[in-house]
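I opened this notebook to keep track of what I looked up. The entries follow the order in which I checked things.

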Amino acid sequence: MSRFLEQKLIQNKNMDCPKCDSKMEIVSINEIQIDRCISCKGIWFDQHELSDAKKIEGSKSIDIGDSKSGKDQNRNDLINCPKCNTKMIRMVDAQQSHIWFEHCVTCSGNYFDAGEFKDLQEDTIFDFVKTWLTPERKP
């Protein structure tokens, strides 16, 4: 773990996971506070937090969930935003099309299932292969 990466866990009593309805906890990386589900380990990024977190060395360590269970959660993708209750839209990462996430058009938050943020941070030749093997995301 990077020496610049500081994690502090606090249960977020105001937010429930949009996928499994469990409570979210706050994970701090430097000055960024990200919400992570205590059960399925999905991660919520408020507006600008995703781009800021991607720039921090070692930030992928906040994604402690199992990528297989995260992939199973992709089937549960018609969800409401945990911040503003708006119906979220389903997205596919432009560079790694095997990464599917949900985005809120109202508050600009993003939800990643367990393993997806870590995968987003790792761009390998295997990601190129996964892109070809991943079926198209249906509307």
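I call a residue buried when its relative accessible area is under 20%, exposed when it is over 50%, and partly exposed in between (1.4 Å probe, protein chains only). The model is predicted, so I kept in mind that local features need pLDDT of at least 70, that side-chain atom pairs count only at pLDDT 80 or more, and that totals for chains, interfaces and linings use all residues. Residues are numbered from 1 along each chain as its sequence is written, and side-chain values use heavy atoms, with hydrogens and water left out.

I took a salt bridge to be a side-chain nitrogen of Lys or Arg within 4 Å of a carboxyl oxygen of Asp or Glu. By this rule I count eight salt bridges. For elements I used DSSP runs numbered from the N terminus: helices are H or I with at least four residues, strands are E with at least two.

Is D77 buried or exposed? D77 counts as buried because its relative accessibility is 8%. R90 has 26%, so I put it down as partly exposed.

Within it, the side chains of D113 and K19 form a salt bridge of 3.0 Å, N to O. D113 lies in the loop between β7 (110-112) and α3 (116-121), and K19 in the loop between β1 (9-16) and β2 (23-29), 94 residues apart. I have both D113 and K19 as buried.

R36 belongs to strand β3 (residues 32-37) and E25 to strand β2, eleven residues apart. R36 is buried because its relative accessibility is 3%. E25 has a relative accessible area of 12%, so E25 is buried.

I found K83 in the loop between α2 (67-73) and β5 (89-92). Its relative accessible area is 45%, so K83 is partly exposed. What does K83 touch, not counting residues up to four places away in sequence? With contact meaning heavy atoms within 4.5 Å, I listed M15, D35, W44, D46 and C107. K83 and D46 are 37 residues apart along the chain, and their C-alpha atoms are separated by 8.7 Å.
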